[in-house]
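Please look over the sequence and the structure shown here before reading on. The report then takes up a few parts in turn.

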Amino acid sequence: MAARTLGSCIFCKIIKGDIPSLKLIETEFSYSFLDIGPLSKGHALVIPKDHVAKMHELSDDYLADVLPIAKKIALALGVENYNILQNNGRIAHQEVDHVHFHVIPKPRASHDVG
Ligand code: 5GP
Ligand code: ZN
């Protein structure tokens with residue numbers, strides 16, 4: 001399926017390169033980059049290149065590409081402790097209405113928090 005984009009969406013602009021980002025891994029279906037407001041050092045986001053707001057709206061080919069990228073990021077960061085977080089809807093704390101998966105390392109020491 002051809003990727004949908006939304007002109008006013010921050011994450012669609014990041015995929016296009018209209019808003020700069022610290023890119024990690026890019027594939028045909030997905031794009032990943034560092035979160036601008038990291039909860040810990042290395043906090044990353046993995047997003048599908050198809051603009052939909054919520055995970056259940058995403059087709060399986062886009063969805064299937066996301067987790068292997070999250071896995072590669074976790075391996076590259078070398079973290080043993082981390083959370084994968086994915087929010088859907090305001091009440092569930094979703095702020096950006098383009099599906100995204102957080103990879104949030106849980107540092108051992110407080111000085112690692114950045
Ligand atoms: P949500 O609360 O929707 O699950 O998380 C949205 C995330 O997107 C937040 O962690 C926030 O810091 C991040 N974010 C919002 N705008 C930008 C941006 O322009 N660039 C980057 N790199 N991250 C962003
Ligand atoms: Zn979008």
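The sections below cover a helix, the nonpolar core, a loop and the surroundings of a ligand.

## Helix α2

This is a predicted model. Helix α2 runs over residues 60–77. Its 18 residues should span 26 Å at 1.5 Å a residue, and the end C-alpha atoms are 27 Å apart, which agrees. After α2 comes G78, with a positive phi near 70 degrees.

Which residues of α2 are buried? They are V66, I69, A70 and I73. Seen down the axis of α2, the buried residues fall within an arc of 110 degrees, so they line one face of the helix. An α-helix has 3.6 residues a turn, so residues three or four places apart point the same way. The buried residues of α2 pack against the strands β1 (23–26), β2, β3, β4 and β5. On the face turned away from this buried side, α2 carries the exposed residues D60, D61 and L75.

## The nonpolar core

The largest nonpolar core has 18 residues. Those that touch the most other members are A44, L45, V46, I47, A70, F101 and V103. At least two core residues come from each of α1 (10–16), β2 (30–34), β3 (44–48), α2 and β5. In soluble globular proteins, nonpolar side chains tend to be buried together.

Leaving out residues up to four places away in sequence, V103 touches A44, V46, A70, I73, A74, Y82 and I84.

## The loop between β4 and β5

N88 is found in the loop between β4 (82–85) and β5 (101–105). Is N88 buried, exposed or partly exposed? It counts as partly exposed because it has 15 C-beta neighbours inside 10 Å, and a residue must have 20 or more to be buried and 12 or fewer to be exposed. Apart from residues up to four places away in sequence, N88 touches K54, M55 and Q94. N88 and L77 are 11 residues apart along the chain, and their C-alpha atoms are separated by 26 Å.

H93 is also placed in the loop between β4 and β5. H93 is exposed, because 9 other C-beta atoms lie within 10 Å. Although H93 is not a glycine, its phi is positive, at about 75 degrees.

## Around ligand 1

How many residues surround ligand 1? There are 14, and the closest are I36, G37, N87, E95 and V96. By class, this shell has seven nonpolar, five polar and two charged residues.

Methods
Residues are numbered from 1 along each chain as its sequence is written. Chains are lettered from A and ligands numbered from 1 in the order in which they are written. This is a predicted model: local features need pLDDT of at least 70, side-chain atom pairs count only at pLDDT 80 or more; totals for chains, interfaces and linings use all residues. A residue is near a molecule or strand if its C-beta atom, placed from the backbone, lies within 6 Å of it. Ala, Val, Leu, Ile, Met, Phe, Trp, Tyr, Cys and Pro count as nonpolar, Asp, Glu, Lys and Arg as charged, and the others, Gly among them, as polar. Helices (H or I, at least four residues) and strands (E, at least two) are DSSP runs, numbered from the N terminus. Two residues are in contact if their C-beta atoms, placed from the backbone, lie within 7 Å. A nonpolar core is a set of buried Ala, Val, Leu, Ile, Met, Phe, Trp, Tyr and Cys residues joined through C-beta atoms within 7 Å. The expected span of a helix is 1.5 Å times one less than its number of residues. The arc is that of the directions from the helix axis to the C-beta atoms.
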